[in-house]
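Me: I'd like to go through the aromatic rings in this structure with you, one question at a time. Could you show it first?

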Amino acid sequence: MTPAVTAAVLLAAVTHAGWNAIAHRITDKLTGFTLIAGGGLLIGPAMAPFVAFPARAAWPYLLFSAAIHVVYYALLMTSFRLGDFGQAYPIARGTAPLVVTVLAALFAHEVPDGWAAAGVAVSCAGLTGVALWGLRGRRPDWAAIGAALATGLAIAAYTVVDGLGVRAAGSSLGYIAWLMAIQGVVIPAYAVWHWRGRTVATLRPYAAVGLLGAALSVAAYALVLWAQTKAELAPIAALRESSVNPCSCSNSLAGQGAFQ
């Protein structure tokens with residue numbers, strides 16, 4: 001991984017952490033999801049006329065990734081309902097790089113060398129350690145942990161699918177624009193149905209901060225996608241998770257910052 005790629009992924013991690021901090025201001029989970037997805041739905045089509053259209057080979061990946069992201073959102077919302085996801089969240093993020101390593105070896109034929117494998121292992125062990133430290137002296141919430149593991153699998157799946165897709169697209173900006181446009185429809189549509197006429201009133205108090213968070217989220221993932229065209233998927237996934245820290249996981253709302 002070159003210094004430029006490393007810097008891009010670290011910048012993505014910082015941007016991701018910034019959205020984690022912003023998410024603490026949004027108390028309702030569905031409101032946060034709707035704003036971040038809806039913001040992406042605004043940003044993606046606005047970008048599309050100014051960037052290259054993804055190559056035909058990328059579209060199966062785009063559509064599959066959009067579906068996985070919807071499943072990911074559903075798993076996050078389920079995890080919030082189950083309770084102490086703030087402690088289980090590091091498990092979700094810590095599981096992903098390990099699974100990405102396996103999937104990348106199978107589907108992208110990327111087998112990390114010794115140093116890269118060690119880096120992935122350290123990242124996963126560190127995040128799992130955060131979770132275990134938070135659970136010390138308490139009975140584990142197995143339902144929340146199970147949801148976190150499922151969320152980690154979803155993260156790993158869309159990471160690999162997007163890594164392959166963005167390489168086939170020929171343009172990382174074109175890929176992120178259309179990914180945001182496609183995946184951004186479902187959650188806002190569900191919210192409009194769920195709130196039945198109260199949508200504007202529900203979103204208005206958080207609209208500005210939510211749209212800022214959406215912009216940060218899109219920027220962070222765009223950097224990751226660009227990096228995936230330049231380096232192997234597993235080390236990028238592990239380095240990206242440096243945005244997760246004990247402070248951001250101490251409150252279950254921190255998970256709202258993890259939309260990408």
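Me: Is Phe-53 buried or exposed?
Reply: Happy to start there, keeping in mind that this is a predicted model. Phe-53 has a relative accessibility of 55%, and the cut-off for that class is over 50%. Phe-53 therefore counts as exposed.

Me: How many aromatic pairs are there?
Reply: Ring centres must lie within 6.5 Å to pair. By this rule the count is eight aromatic pairs.

Me: Which kind of pair do Phe-53 and Trp-178 form?
Reply: Their ring centres are 5.5 Å apart, with the planes at 80 degrees. Planes over 60 degrees apart fall in one class, so Phe-53 and Trp-178 are edge-to-face.

Me: How many residues apart are Phe-53 and Trp-178?
Reply: Phe-53 sits in the loop between helix 2 and helix 3, while Trp-178 belongs to helix 7. This pair links distant parts of the chain, and the separation is 125 residues.

Me: And which class of accessibility does Trp-178 fall into?
Reply: Its relative accessibility is 27%. Buried would need under 20% and exposed over 50%, so Trp-178 counts as partly exposed.

Me: What about Tyr-72 and Tyr-158: which kind of pair are they?
Reply: Tyr-72 lies in helix 3 and Tyr-158 in helix 6, 86 residues apart. Both are buried. With centres 5.4 Å apart and planes at 70 degrees, the pair is edge-to-face.

Me: Which residue lies over the face of Trp-193?
Reply: A charge over a ring has to be within 6 Å of the ring centre. Here the distance from the centre of the Trp-193 ring is 4.5 Å, and the residue is Arg-196.

Terms used: Residues are numbered from 1 along each chain as its sequence is written. This is a predicted model: local features need pLDDT of at least 70, side-chain atom pairs count only at pLDDT 80 or more; totals for chains, interfaces and linings use all residues. Side-chain values use heavy atoms; hydrogens and water are left out. Rings of Phe, Tyr and Trp (its six-membered ring) pair if their centres lie within 6.5 Å; planes under 30 degrees apart count as stacked, over 60 as edge-to-face and the rest as tilted. Helices (H or I, at least four residues) and strands (E, at least two) are DSSP runs, numbered from the N terminus. Buried means under 20% relative accessible area, exposed over 50%, partly exposed in between (1.4 Å probe, protein chains only). A charge sits over a ring if NZ of Lys or CZ of Arg is within 6 Å of the ring centre and within 35 degrees of the ring normal.
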